[in-house]
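Dear colleague,

Please find the structure below, followed by an account of what was found in it. I would be grateful if you would read the two side by side.

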Amino acid sequence: MIRVTRKLEFSAAHFYHNPNLSAEENRRIFGKCNNPRGHGHNYVLEVTVAGEPDPATGMVLDLKELKEVLEREVAGRMDHRHLNYEVPELAGKIPTCENIAAVIWALLEPRITKGRLDRVRVYESPDLFADCVDGANRGDGRF
Amino acid sequence: MSGPLKLSLTRRYRFAASHRLYSARFSDQENQKLYGKCGNPYGHGHNYVVEVTVTGPVDPTTGMVANLSELDRFVRREVVEPFDQTYLNEEVGEFQDNVPTTENVCREIYRRLRSFPAARLEKVRIEETSKNSVEFTGEPEATQDSTE
């Protein structure tokens, strides 16, 4: 099996706030990420697709097609947007890297027609990222 | 369709430390042959990068696998503060009889972080330089208890 990874960068604003918690609890849990004016990141998305190369083309999937899917499904929804207000898939969710990765997984999974989606990695900064994988296919399945 | 999704969170930390690769089990000549310039008796140093991966269910209240400030506090207390700006061979107890190779440093950091209460430690990966890295995901379950 071969794993193929494609990157996409997008820039977006967000802040962390849970309306079910008091203002004080929000500040305690989320710290400066709770600033209601929001702040932004240059996110880096890495999407990995696993499969066997097609003997005729030598490709697991057509990277041009994957690039178009990423631009449409992810950049089209999230680039230069405010994740708290402008992305319906994140409505009601706190836009952490974990939740963004899970939402991107759900957006991409049905669009990957060759190979299977293996990993979605979302970097909020070079020092922080979340991975979303299929628990049955990757890792030891434990949580 | 995919099965249950598994989320993990990875954070990178840094510390700078010196070390020397030398084992009292071997003669000086054998040490020289084995460790080469890494055995320089005065020691030498690296800017280490530590990548800590934790996994677990995403808490719906916070949207997080683990609260970052809690993870930061824990890693700083257990690893960054005791390791940063030290001579590992002499100032971190575990390396007095244990050669501070990247492998041993990685395993020691994993041991120190295993008790992180808010999520399960999945992996520790260390870059000793931008060219060398080591990762450790723990001992297999069956032998975990007998090795400690």
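**Contact between the chains**

The contact draws 27 residues from chain A and 22 residues from chain B. On the side of chain B that touches chain A, strand S1 (residues 5-19) of chain B supplies the largest share, eight residues. Sorted by class, that side of chain B holds 11 polar, eight nonpolar and three charged residues. Please note that this is a predicted model.

Strand S1 of chain B also takes part in strand pairing across the two chains: with strand S5 (residues 128-134) of chain A, S1(B) forms an antiparallel pair over seven bridges. Within this pairing, A:Cys132 has B:Leu7 in S1(B) as its bridge partner.

**A cysteine in chain B**

B:Cys106 is part of helix H4 (residues 102-113) of chain B. Is B:Cys106 buried or exposed? B:Cys106 counts as buried, because it has 21 C-beta neighbours inside 10 Å, and the cut-off for a buried residue is 20 or more. Apart from neighbours within four places in sequence, the contacts of B:Cys106 are B:Val124, B:Ile126, B:Val134, B:Glu135 and B:Phe136. B:Pro60, by comparison, is 46 residues from B:Cys106 along the chain, and their C-alpha atoms are 32 Å apart.

**Confidence in chain A**

Chain A has a mean pLDDT of 94, with 97% of its residues at 70 or more. Confidence in chain A is highest in helix H4 (residues 97-108) of chain A, at a mean of 98, and lowest in helix H1 (residues 23-30) of chain A, at 95. Where pLDDT is low, the predicted coordinates should not be read in detail.

With kind regards

Definitions and conventions. Residues are numbered from 1 along each chain as its sequence is written. Chains are lettered from A and ligands numbered from 1 in the order in which they are written. This is a predicted model: local features need pLDDT of at least 70, side-chain atom pairs count only at pLDDT 80 or more; totals for chains, interfaces and linings use all residues. Two residues are in contact if their C-beta atoms, placed from the backbone, lie within 7 Å. Helices (H or I, at least four residues) and strands (E, at least two) are DSSP runs, numbered from the N terminus. Ala, Val, Leu, Ile, Met, Phe, Trp, Tyr, Cys and Pro count as nonpolar, Asp, Glu, Lys and Arg as charged, and the others, Gly among them, as polar. Two strands pair if DSSP finds at least two bridges between them. A residue is buried if 20 or more other C-beta atoms lie within 10 Å of its own, exposed if 12 or fewer, and partly exposed in between; C-beta atoms are placed from the backbone. pLDDT is the predictor's confidence in each residue, from 0 to 100.
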